[in-house]
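Notes are below, in the order I looked things up.

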Amino acid sequence: MASIATKGSTLVNRLLVQAKPQLEVFLKYAKVELTPPTPGDIPAIRQGIGRLITGARTGAYKNLTVKEAWLNTLVTAEVIFWFYIGECIGKRHLVGYDV
């Protein structure tokens, strides 16, 4: 029984040593990507929305490469999927609300 405990503890220690670099990389990107926008980010957001509207009016989306269009499609799909997942979590049901 003691040998199982020592093997288990060495396995856990080895797992922690191997996972530490990946966890550090994850935390580095999480601090940047998962923070909410600051008041200093608002002008950049407005400029981005303005460029999006201007591009839609002038037809600039027609000049995208296939790779850029595919990337935009995937990002849009991800935003929509996360919205619906959040809706399901919020209402605690897949369909309809619990009245």
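My entries go from confidence to fold, then to overall shape and surface.

**Ground rules.** I'm working with a predicted model, where local features need pLDDT of at least 70, side-chain atom pairs count only at pLDDT 80 or more, and totals for chains, interfaces and linings use all residues. Numbering starts from 1 along each chain as its sequence is written, and side-chain values use heavy atoms, with hydrogens and water left out.

**Confidence.** I checked pLDDT (the predictor's confidence in each residue, from 0 to 100): the mean is 88, and 96% of residues reach 70 or more. Helix H1 (residues 2-33) has the lowest mean among the elements, 86, while helix H2 (residues 42-58) has the highest, 94.

**Fold.** I found three helices and zero strands; helices are DSSP runs of H or I with at least four residues, strands runs of E with at least two, numbered from the N terminus.

**Shape.** The radius of gyration, taken over C-alpha atoms, is set against a globule rule of 2.2 Å times the number of residues to the power 0.38. The protein has 23 Å, whereas a compact globule of 99 residues would be near 13 Å. The C-alpha atoms fill a box of roughly 70 × 45 × 35 Å along the principal axes.

**Burial.** I counted as buried anything under 20% relative accessible area, exposed over 50%, partly exposed in between (1.4 Å probe, protein chains only). Buried residues are 4% of the 99. I also looked at Trp82, which sits in helix H3 (residues 66-91) and is exposed at 56% relative accessible area.
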